[in-house]
Every structure is written in structure tokens, then in C-alpha cells.
Amino acid sequence: MDRVAIIGASMTQFGQRDAWIRELLAEAGQAALADADVSPDEIEHLYVSNMASGEFEGQTGVPNALAHDLAAMPAYTARIDQTSSSGGAGVYAAWQSVASGASDMTMLVGGEKMTHRSTAEATDVIASLTHPVEYKHGVTLPSFAGLTARLYLDTYDAPRESLGKVAVKNHKNGVDNPHAQFRKEVDLDTVLDSPVVADPLRLYDFCPITDGSAALVFCPESVAREYTDDYAVISGIGGATDTHVVHERADPTTMGGVVNSSEIAYEMADLEPDDIEVAELHDMFTILEFLQSEDLGFFEKGEGWKAVDEGVTDRDGDLPINTSGGLKSKGHPLGASGVAQVYEIYKQLIGDAGKRQVDADVGLACNVGGFGNCVTTTIMESR
């Protein structure tokens, strides 16, 4: 089977945007086509990763609208919704469309428009992904995060400061990302003194509500060579789910979907965790960076906090994590986040990450839906 390559990518400015969802998607789509030097009529499959354009904006039918806006007719279109892992699921769908031979040129555009809604309204839309019984009792993802963070700190004797250091690191990385929502460093005292949201987590332990879009162009590697010498390939990809009810898990500090999806991806790529040289993880909450880094096999269980404390995951460390600034600094427009993770890895692997550039030929992106309810892990390599 010909390997699937990414030959073009784009990311809009993340943050509070005046543009609506169709405009955001078109902005990223046009930029990705230009980056790949591909004309719209060459696109055979067009996927849109989006969680809740209907709930947030009252806008449905966005994939076919985007095909019109990009002049990409008569491309096949589909919307990919897998809650906050919609972007990763979209990467999987786009990979499948090319790997299967159904398409020789596929575009994925992920996006969300959220900031026009209040924090309470946006939180309620996102909380709708929880189990109905949990939702009925007012359970939200921040409350899961707080409970899990407390359990992790107590179980592994980790200091509260270790979580704050994740926020400090990712904000520092975000300064050099021109598309990030927050491009400002924060110190540890600021993080630790910010308002409590879900004890022990505080305001700076959470990512912001965000508008934005990102896009990728996929094709077989044999086709990629006809367009460019600068491309990256997806060498492994896996998706998995975990229990819908979080309290049914044997260990809430282990995300089974991360474990299982990464095992599939590693096997497909014929690689091990030690082979990964840069990673983008889904730090919707700071605690998730610890959990994912351990469940991906980068560190032993309960040791992820020590890696952050020792600088292992810094941009100049042995395993840079979230060079983009992560969701924490970059922002989290639900349908776009998983696409933007792969955008960052792609840029790193082709040597086009600017001030964020690290020395890496193998990268990994892990996109999480809900509190580990569904996960896609993607491994990429330079050509």
C-alpha cells in the first residue's frame, strides 16, 4: 500500500474571531490549497471536522457549503463529529480515503465558532457529550479534570506545582506561535494564584474557548512526489474508545483510549514510544498532559509530572511536547484542535516551524474526545 502523505497545511489565527464557521473553514481551506499548490477541482474527497456548528451557531450542512465556497465541486463531502476529538477522527477519515484508494487528493478542514456564546453556554454544549446520568447531575469536563487531578496528585505524590509547570511551559511555547490565541508567558505564581475552577485546578490549568480553523491536504506518496519534495507521511494511526461513564473505569488516571489507539499506531508504524521525537498532546486541562504522556508510553505511570519538572518535555528537552503551545496557549476550537495538532507536527517534520523548530524526524499527535471517551493517535515521519 502506498503511504499517505500530507503535502499542504494551514491554520488560521485562533482566538476571538468576527468570522463565522463557513468563513473560518474557507479561510483555512484556501490557504491549505495554496500551500499544497493544488487547485480546488483536484480535490476528490472533502471532510469537515466539526463538533457543534448547529448548537453553537445554528449552521448545518457545512461540508457541502465549503465545497461550494472553495469551488471544489463535485467532491464527495462529509462532516466528522467525534466531540472534541473530531479533528483527529477527521485525520483518520482522510487517511482512510487515500489509503483505501478511493481518493488521490483529499482535504480535511476542521473548525469551530464558539466565542460568541457565554462561558456557561459553551460549557453546556461541551458537557452534552457526557453520559446522560452524569449530565443530569451537573457533571462537566472541568469537574472530571479536578477529581482526576486530585487522585493523581495523591496517588503519585506529585506536587501541585507540577501541574502549573505544564501551563508555564505551554504558554512559553505559544509565544512563538503566530496563530496562538495567547502569546504571553506566565510565571508559576500567576498560575498557582489564579481562581479555583475545579480544585485543585485553577484558571490557568484550563484551555480557552476559541474560534479557529485548520486544514490539511492528503494524497498517496507517489502523487506527493509530483507536487513537492517537502512532505510528511502518516506511518501509523489508530483510534479507540473508553467507557462513556468515567467512574466505571478501573483507574481514572489511565486513559484506555490513549493506550489502545497508540498501540495500534505504533504497530502500524513499526515504532516504539522511544522513537517519538516531538509530540502534540491534548492538554485541554494540564492534568491531561501527564496522563497522555504516560499512557502513550513516553514515561512510566506516575512519572509524567517528573518529566515536566526536570525539563524533559521543554522545547529543548529530550522529548518536546506541545511546541505549538498546546490547547492551553494555542486555543481549543473543538473541531480544529486535532487538525492543528497534525499541522504542528507536519511543520516540525518538514523543517518549517520557525522559532518553534526542533530536531525531529518522527512525531506524534494525540487528540482526545471528552475525558478520554474517544481518542485518535497519529504518528508521522519526514519523507
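Guide: Begin at Cys366. Cys366 is buried, because its relative accessible area is 0% (buried means under 20%, exposed over 50%, partly exposed in between, with a 1.4 Å probe and protein chains only). Now look for a partner. The closest cysteine sulfur to that of Cys366 belongs to Cys374, and it is 11 Å away, so the two are too far apart for a bond.

A word on the source. This is a predicted model, where local features need pLDDT of at least 70 and side-chain atom pairs count only at pLDDT 80 or more, while totals for chains, interfaces and linings use all residues. Residues are numbered from 1 along each chain as its sequence is written, and side-chain values use heavy atoms, with hydrogens and water left out.

Cys219 leads us to Ser97. Along the chain they are 122 residues apart, yet their C-alpha atoms are separated by 9.2 Å.

So what surrounds Ser97? Ser97 belongs to helix α4, residues 86-99 (helices are DSSP runs of H or I, at least four residues; strands are runs of E, at least two; both are numbered from the N terminus). At 4% relative accessible area, Ser97 is buried. Leave out residues up to four places away in sequence, and Ser97 touches His45, Tyr47, Ala102, Ser103 and Thr106 (contact means heavy atoms within 4.5 Å).

Ser86 counts as buried because its relative accessibility is 0%.

Next, the loop between β3 and α4, where Thr83 is found. Thr83 is not a glycine, but its phi is positive, about 50°. It counts as buried, at 18% relative accessibility. Asp270 also has a positive phi, near 55°, and is a residue other than glycine. Asp270 sits in the loop between α11 (256-269) and β9. Asp270 counts as exposed, at 69% relative accessibility. Why point these out? Most residues other than glycine have a negative phi, and most peptide bonds are trans.

The bond from Met73 to Pro74 is cis, with omega near 10°. Pro74 lies in the loop between α3 (62-70) and β3 (76-80). Asp199 and Pro200 are joined by a cis bond too, with omega about 10°. Pro200 is in the loop between β5 (196-198) and β6.

Finally, the rings. Rings of Phe, Tyr and Trp (its six-membered ring) pair if their centres lie within 6.5 Å; planes under 30 degrees apart are stacked, over 60 edge-to-face, and the rest tilted. This rule gives eight aromatic pairs. In one, Phe206 and Phe285 have ring centres 5.3 Å apart and planes at 80°, so they are edge-to-face. That pair links distant parts of the chain, 79 residues apart: Phe206 in the loop between β6 (201-202) and β7 (212-220), Phe285 in the loop between β9 (278-280) and α12 (286-295). Both Phe206 and Phe285 are buried. Phe298 and Phe299 also pair edge-to-face, because their centres are 6.4 Å apart and their planes at 75°. Phe298 is buried at 10% relative accessible area, and Phe299 is buried at 16%. Ring pairs also join Phe144, Phe206, Phe285 and Phe371 into a cluster.

How values were computed:
A disulfide is a pair of cysteine sulfur atoms within 2.5 Å.
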